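This report describes a predicted model of a protein chain.

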Amino acid sequence: MSSWLLSGCGITPPSAWQPTQVTQVSQAKAWELKGKIAVKTPEQKFSTNLYWLHTPESEELRLTSMIGSTLMLLTSNNRSATLEVDGNTYQGANATELLQHLSGWQIPISQLPQWIVGLPGNATIIKTDAQGLPQKLQDARQLPPWQIDYKSWQTLQSNQLPRLLTLERGELSLKIQLNEWQALTEKRPQGTAK
């Protein structure tokens, strides 16, 4: 069982990474988060727990049941992606194409690490709140465009992060709730100067 499942309400980073503090979310080159995700299409509707480890070289998205059993594991790097679901393992050139091939969902995995922490990435800011935080983004590089709505914000690790956001494109809708977030830095071997 993964250490993050055993950590209770705190996040335990993988062994190559350690927690760090940042003054702005955009300074975090790597992070991990825990939350919930709900997916809705005309054919399906489900919600599950979400764990996401984002590093400059890779992504790891794990969806788990309420008792902690892994339902899906998606890992990717610059060269390939692997999806483990229902006891089967699938490989592809990248996470977006692999997920679309297997599920029919065209989810922009490369943009989600920015959107999920409240950064626009390649999207256009349509509306901000009184504090200047995004309320609505749109990514029109593909039609129909992705609409990203930030429903509420929270302070985690001294940073403003979305608490609840929805992402919609055509008939696909994702609702994501962030419960925990931690900026990470790569562990240096002992004796190595900074």
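## The second largest pocket

The second largest pocket holds about 440 Å³ of space. Its lining is made up of 23 residues, and those nearest the centre are H54, E59, I109, S110 and P113. Strand 4, strand 5, helix 2 and helix 3 (112-115) each contribute at least two residues to this lining.

By class, the lining of the second largest pocket comprises nine nonpolar, 11 polar and three charged residues.

## The largest pocket

In the largest pocket there is about 520 Å³ of space. It is lined by 25 residues, with F46, L63, M72, L99 and W105 closest to its centre. Two or more lining residues come from each of strand 2 (30-40), strand 3 (45-54), strand 4 (58-64), strand 5 (70-77), strand 6 (81-85), helix 2 (95-103) and strand 12 (172-186). Strand 3 provides the largest share, with four residues.

The class composition of this lining is 21 nonpolar residues, three polar residues and one charged residue.

## Aromatic pairs

The model contains four aromatic pairs. Because F46 belongs to strand 3 and W105 to the loop between helix 2 and helix 3, the pair ties together parts of the chain that are 59 residues apart in sequence. F46 has a relative accessible area of 28% and is therefore partly exposed, whereas W105, at 15%, counts as buried.

Another pair is formed by Y150 and W153, whose ring centres are 5.3 Å apart. The planes of Y150 and W153 lie at 35°, so this pair is classed as tilted. Y150 counts as buried, with a relative accessibility of 4%.

## The surroundings of W115

W115 is located in helix 3. Its relative accessible area is 0%, so the residue is buried, the limit for that class being under 20%. Apart from residues up to four places away in sequence, W115 touches P108, P120, A123, L137, D139, W146, I148, Y150, L165 and L167.

## The surroundings of T75

T75 is found in strand 5. With a relative accessibility of 27%, T75 falls between the limits of 20% and 50% and so counts as partly exposed. When neighbours within four places in sequence are left aside, the contacts of T75 are E59, E60, S80, A81 and T82.

T75 and N94 are separated by 19 residues in sequence, and their C-alpha atoms lie 9.4 Å apart.

## Backbone features

The peptide bond that leads from L143 to P144 is cis, with omega near -5°. P144 is situated in the loop between strand 9 (134-139) and strand 10 (146-156).

Positive phi values occur at D86 and Q157, neither of which is a glycine. For D86, phi is near 55°. D86 sits in the loop between strand 6 and strand 7 (88-92), and its relative accessible area of 70% is over the 50% limit, so D86 is exposed. For Q157, phi is about 50°. Q157 is placed in the loop between strand 10 and strand 11 (159-169), and it is partly exposed, with a relative accessible area of 32%.

## The chain as a whole

The secondary structure of the protein chain consists of three helices and 12 strands. The chain has 194 residues, of which 44% are buried.

Of the contacts between residues at least 6 apart in sequence, 42% join residues at least 24 apart. The chain exposes about 10700 Å², and carbon and sulfur atoms supply 48% of that area.

Key. Residues are numbered from 1 along each chain as its sequence is written. This is a predicted model: local features need pLDDT of at least 70, side-chain atom pairs count only at pLDDT 80 or more; totals for chains, interfaces and linings use all residues. Side-chain values use heavy atoms; hydrogens and water are left out. On a 1 Å grid over the protein atoms alone, a cavity is a set of points where a 1.4 Å probe fits but cannot get out, and a pocket is an open set with protein on both sides within 12 Å along at least five of seven lines; lining residues have an atom within 4 Å of a point. Grid points are joined across faces, edges and corners, and a volume is the space filled by probe spheres set on the points. Ala, Val, Leu, Ile, Met, Phe, Trp, Tyr, Cys and Pro count as nonpolar, Asp, Glu, Lys and Arg as charged, and the others, Gly among them, as polar. Buried means under 20% relative accessible area, exposed over 50%, partly exposed in between (1.4 Å probe, protein chains only). Contact means heavy atoms within 4.5 Å. Rings of Phe, Tyr and Trp (its six-membered ring) pair if their centres lie within 6.5 Å; planes under 30 degrees apart count as stacked, over 60 as edge-to-face and the rest as tilted. Accessible areas come from the Shrake-Rupley method with a 1.4 Å probe; for residues, only the protein chains shown count as cover.
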